[in-house]
Amino acid sequence: MIFELQDLVVNYGVIRALKGISLQIDEGEIVTLIGANGAGKSTTLRTISGLIKPKSGKIVFDGADITHQNAAKRVAAGISQAPEGRRVFAELTVTENLEMGAFLRKNKAEVRADMEEVFGRFPILAERRKQPAGTLSGGEQQMLAIGRALMAKPRMMLLDEPSLGLAPIVVKEIFAIIREINAAGTTIFLVEQNARMALKIANRGYVLETGTITLTGTGDELAAADEVQRSYLGH
Amino acid sequence: MERFLQQIVNGVSLGSIYALIALGYTMVYGIIKLINFAHGDVLMIGAFVSFAVTTFTRLGFIPALLISMVTCMCLGVIIERVAYKPLRNSSRIAVLITAIGVSLLLEYTLMYFVGAQTRSFRQGVLPATIYNIGGVRISVQQIIIILLSLVLMMLLQFIVRKTKQGKAMRAVSFDKEAAQLMGINVDRTISFTFLLGSALAGAAGVMVGIYYNSIDPLMGMMPGLKAFVAAVFGGIGNIPGAMVGGLSIGVIETLVAGYGASLYRDAAVFAILILVLILKPSGLMGKGGGSKV
């Protein structure tokens, strides 16, 4: 097991956004967290990245309790995130965005090599490397957000709604890339509203409903489960 | 024509001082959305430091300038840490009022120690030579002000565009949370921004002192306000905008003064502020949406 949430409670102002959730992720897995809008999916990822402090509970990564570490320490430890809505630095060029992804890394030669790898994975980004990120299309920005998260050389990558607002064909492409990244050894924790796609590539999944995990199982089990079919797959 | 060129020369040298000050306003606004009203007073402290250095030691212009810049750097970082950082999650108006408080604190603390009278730099800090080029007079001081501002602005552009810290600054300005996800330390980046802005204010303070050859504890107010207008004119939060805005305001002010409306030079500058806020609140080079000042 590389990562674990233990009874995590998070308040958002006066609202209890997460009411004590627990989950485990093994090294090399793709685990997805599905749920409706407002269920607390993004809150979960933001808490894991250290942007929100939990009220109680524990976050364990690689055997160490990281609940009280700041965001930078978690990136250094090997958790990076491609956030919801991509959040690329629109005024920075594609290259500069990738450099920011590697902000904490000291070995310049390695960073440069990894950047070439990202450009190899996303040839369209290589073409646009000098362009401000704000001029990219939605799909390209998502690729950049993923590439930027890769630049931190993560052991576990958090992906928040990578399919949001993208054309189906682009979504397919993005999910193929997620699979590739996973195959290359990075553990993936994927938050999605597009349950169909997410369950297709995930080893395991959790269903989150208004701050509580209501169901868990392998990707296929969840895809076959009645509640999931009714609520998230539209059967 | 000579008279016009003369005013342009005067305007460009005054305007480059405004540009240096405006850069501090605009960078700080870019990163924490604060109009740092104490910025003009950091400039004043810079002027007093260089005055003290040149008066009480035998050091010349360049060492005095460097000492002023370093002092202001420290002052700017301390002000941010002590006064603004505790208010990071407060309303913007709370921070704005604090900034005005810091401004008054600096002005009247210094006045308590040195009094309100004006002082002049000793003769010979800079040579008083004036060149006459085809009827247009330009002093060594003006040349130094223009060149020095140019060098400092180029240096700033280099830091902001090419260095890792500078890029982090732009990233934090654009999206603090996303920057945190990169592992960027937001607090340190904000300190760095104050450090850069205050160093430029320190340099500008020395120049204002030399340009008017008079310093006093309230001297930062007017240049501070005008540089603020320059920053808004150029598009607040926009670095090239601050440079263009500073030069424009300087030139406009000297043209108004040079063509017989000397009494209205300040009024003209603030009229521009009003016009900009009515016609294009985002400024010359600012992006749409309009900045709420």
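Across all chains, the structure holds 21 salt bridges, each being a side-chain nitrogen of Lys or Arg within 4 Å of a carboxyl oxygen of Asp or Glu. One of them joins A:E161 to A:K41, with the closest N and O atoms 3.7 Å apart. Since A:E161 sits in the loop between strand 7 (156–160) and helix 7 (168–183) of chain A, and A:K41 in helix 1 (residues 41–49) of chain A, the pair ties together parts that are 120 residues apart in sequence.

The model is predicted, so local features need pLDDT of at least 70 and side-chain atom pairs count only at pLDDT 80 or more, while totals for chains, interfaces and linings use all residues. Residues are numbered from 1 along each chain as its sequence is written, chains are lettered from A and ligands numbered from 1 in the order in which they are written, and side-chain values use heavy atoms, with hydrogens and water left out.

The model scores ipTM 0.94 and pTM 0.92. Chain B averages a pLDDT (the predictor's confidence in each residue, from 0 to 100) of 93, and 98% of the residues score at least 70. Over residues 289–293 of chain B, however, the pLDDT is below 50, and this stretch has ten contacts in the model beyond near neighbours in sequence; a contact means heavy atoms within 4.5 Å. Where pLDDT is low, the predicted coordinates should not be read in detail.

Turning to the individual chains, chain A has ten helices and ten strands, taken as DSSP runs (helices H or I, at least four residues; strands E, at least two) numbered from the N terminus. The C-alpha trace of chain A spans about 45 × 40 × 35 Å along its principal axes.

Chain B, in turn, comprises eleven helices and two strands, which run α-α-α-α-β-β-α-α-α-α-α-α-α from the N terminus on. The radius of gyration of chain B is 19 Å, close to the 19 Å that the rule gives for 293 residues, so chain B is as compact as a globular protein of that length. Its C-alpha atoms fill a box of roughly 60 × 45 × 35 Å along the principal axes.

At the interface, 18 residues of chain B are in contact with 23 residues of chain A. The buried area, meaning the accessible area (1.4 Å probe) that two parts lose on being put together, summed over both, is about 2,000 Å², and carbon and sulfur atoms give 62% of this. On the chain B side, B:F174, B:L181 and B:M182 lose the most area to chain A, together 35% of what that side buries.

Five salt bridges are counted between the two chains, including the one in which the side chains of A:R87 and B:D175 meet (2.5 Å, N to O). Helix 6 (164–174) and helix 7 (176–181) of chain B are the elements that give two or more residues to the side touching chain A, and helix 6 of chain B provides the largest share, seven residues.

Technical notes: Rg over C-alpha atoms; globule rule 2.2 N^0.38 Å.
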